Structures are given as C-alpha cells and as structure tokens.
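Hi everyone, thanks for having me. Today I'd like to walk you through one protein model, so please take a look at it with me.

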Amino acid sequence: MTVSRRKLIEPQITPYYHIINRCVRRAYLCGDDPYSGKNYQHRRGWIVNKIKQLSEVFCIDVCAYAVMNNHYHLVLKIDTQQQQALSPQEIISRWLQLFNGHPIAVDFVNNGDVGADKKQALSTLVAEWQSRLGSISWFMRCLNEEIARKANKEDDCTGAFWEGRFKSQALLDEQALLSCMMYVDLNPIRAGLSTSLHDSDFTSIQQRIAECHQTSIAKKSTLNSSSIKLSKIGLLPFVGAEHQAKQAGIQFDFVDYLELIDWTGRSIRDDKKGFIPATQPKLLQQMGVNAEAWLDNSNDFMEHYTNVSGKWSRMCSFQQHFGGRWCKGKVASQRLHPH
C-alpha cells in the first residue's frame with residue numbers, strides 16, 4: 001500500500017529524517033560528464049550553499065549531508081520547539097528571504113502594523129508560513145527548484161533536472177540515526193571517490209573534521225577549481241549525553257562518532273582488507289550493538305529499509321499509524337536491536 005508523502009513525515013513521532021534525491025539526466029550532471037567531457041563539479045557547491053541558506057531560514061537542522069556526482073543525501077531534524085517559538089515578525093522576516101513578500105506582509109514589515117481590515121489576513125499568512133518553516137517538503141522544494149533552474153539555464157535547456165520527488169526515511173531511534181549518518185558520511189568512500197574521511201569532499205564529516213582542526217574546506221584544490229566559494233553549513237552539533245538536557249544536539253560525543261565511523265569505513269572497504277580490532281568502539285558498547293550487525297546495517301542501509309528505520313516494533317507502529325500494511329527491514333532491525 002502506497003503512503004502519501006505528507007504522511008511519511010510526522011515530527012510528533014520522530015524529528016529525524018533521511019532524504020535522498022537524484023538527477024534524472026544521464027549519470028554525472030553534478031560531477032564529470034563522460035559524454036560531453038565537461039566538469040559540473042561546481043553544481044555540488046550550489047547544493048551545499050543552498051542547503052546552508054535554507055537551514056538558516058527553516059526550523060530544520062542538518063545532521064549530515066553528502067553531495068555526490070548524481071545524487072545527494074541529507075539527514076535532517078525538524079526543530080518544532082524553535083518553529084513554535086517564532087514571533088510573527090521573525091516568521092515574516094524568514095519567509096521574505098526566500099519569496100517575494102505578500103503586500104500585507106510587506107506593509108507590516110515597513111510600518112510595524114496593518115489596518116484592522118488586514119489583521120485577519122495577516123494572521124492567516126503568518127500561520128501558514130510558520131507551518132511551512134518546519135516542513136521538509138517546503139525545504140526540499142526551495143532547494144531543488146533553484147538548483148534545477150540554474151542547471152537548465154547553464155545547459156540552455158528545459159525539462160526535469162531531478163528524477164522525481166525526494167525519497168524520505170523516518171529514523172526512529174538513536175541507532176537508526178547514527179547508522180544513517182554514517183551511511184551518508186561514508187558515501188564518497190563507498191563510491192571510490194575518496195580514500196579518507198577528511199578528503200571526502202562535500203560531506204558533513206569532512207566539514208566537522210575541518211572545523212575541529214580550524215581549517216577551511218574551501219581551500220581544497222577540488223573546490224578552487226570550481227570557482228565557487230563553499231559555505232559551511234551550520235550542522236547540528238554533537239553535545240554528548242551529559243549536555244543533552246542543556247543544549248540541543250546529537251547526544252553523543254563527536255570523538256566517539258569519529259572513532260566509530262573510521263572503524264566502520266575501514267572495515268567495509270572493498271579495496272583493502274578490513275581489520276576489526278578486538279575492542280569495539282565505545283559507541284557500540286554504549287548502545288549494546290553487535291559489531292557484525294552494525295557493519296552490515298551501515299554498509300547496506302538503503303537496501304535494508306524503505307521509508308522508515310529503527311526498532312522493529314516502532315517501525316511497525318509507524319506504518320500502522322498511517323494505514324500501511326507492509327514494512328521492510330525486519331531481519332536487519334532485529335539484528336541491530338536484539339532486545
């Protein structure tokens with residue numbers, strides 16, 4: 001049974017979602033095109049820069065991203081608390097950064113108020129825009145439409161640039177979130193585009209490592225050749241479990257995440273024999289996850305799950321909540337969540 005897109009994203013159940021979108025024309029329209037010999041690397045920079053802008057406007061945090069040659073991945077978190085706390089002025093100000101303003105909203109911004117006959121219309125507009133500022137669908141619409149327009153203009157053509165609407169996966173628990181983030185961050189290594197995390201261009205893990213070393217990814221030769229200044233996306237930080245109550249963020253330490261992703265990446269590389277140390281990374285012990293199950297899940301995340309990932313009982317509940325009768329990933333989920 002097919003479930004409508006709006007039902008697949010429900011922030012009251014989980015704020016975390018894995019988003020995937022792919023180009024429709026040939027294979028390398030965001031990188032090197034073997035057919036024309038042209039290099040479209042700069043388009044990956046377009047995507048990163050636009051994600052940065054949108055993450056500052058929408059009440060949506062970026063946990064992880066990877067922009068590949070012909071597709072991109074995002075792990076997003078909907079910040080409903082921030083969305084609900086926005087004042088009418090903040091809502092209008094944010095929305096006008098993306099779209100030409102409605103005359104009533106512009107009048108309100110310019111004069112600080114509107115006439116009594118326009119107050120109800122303004123209130124309706126503000127409520128609608130506030131809802132959209134927490135919508136992944138609107139986030140993706142703003143991202144994909146601009147990239148498609150710029151690519152079509154550059155190619156001097158018309159038509160669809162993207163394969164279709166984005167695909168989404170709900171991430172129901174911390175294991176699903178971490179496994180998906182690592183799947184996204186390891187995409188360039190898995191695709192043979194890079195041999196190390198810090199050389200994995202256009203990824204969140206490269207940005208996090210660069211920020212830790214107080215360096216700029218924009219200095220890398222691959223980005224210099226594109227003539228595009230790459231913005232740093234404001235990533236949702238790792239805050240550690242002890243700081244979770246005081247600061248919004250991912251409730252693990254980044255050092256532990258880095259240890260686990262390095263171990264995971266080395267263990268699944270095809271061009272090099274993987275060496276699994278006797279001592280598992282701290283995060284696996286903390287979560288009580290079997291090492292073999294973790295590697296299998298992180299390596300084939302997209303093959304194991306469809307639109308939802310997490311503990312099997314929660315996956316079934318998620319599907320049933322929206323009237324779905326079928327759910328993929330029982331074996332992988334039960335191996336990752338043995339209890």
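Helices here are DSSP runs of H or I with at least four residues, strands are E runs of at least two, and both are numbered from the N terminus. Counted that way, this protein has 17 helices and five strands. Please remember that the model is predicted: local features need pLDDT of at least 70, side-chain atom pairs count only at pLDDT 80 or more, and totals for chains, interfaces and linings use all residues. Residues are numbered from 1 along each chain as its sequence is written, and side-chain values use heavy atoms, leaving out hydrogens and water.

How much of the protein is buried? Of the 339 residues, 51% are buried, meaning under 20% relative accessible area with a 1.4 Å probe, protein chains only.

Now find helix 4, residues 88-95, where Ile91, Ile92, Arg94 and Trp95 are buried. They sit on the same side of helix 4, because they cover an arc of only 165 degrees around the axis, taken from the directions from the helix axis to the C-beta atoms. Among what covers them are helix 2 (42-57), helix 3 (80-85) and helix 7 (136-155).

Of its 91 residues, Phe58, Leu74 and Ile136 touch the most other members. Leaving aside residues up to four places away in sequence, Leu74 touches several residues, including Tyr17, Ile51 and Phe139; touching, or contact, means heavy atoms within 4.5 Å.

How values were computed: Buried < 20%, exposed > 50% of the residue type's maximum accessible area, 1.4 Å probe, protein only. Core = buried A, V, L, I, M, F, W, Y, C linked by side-chain atoms within 4.5 Å.
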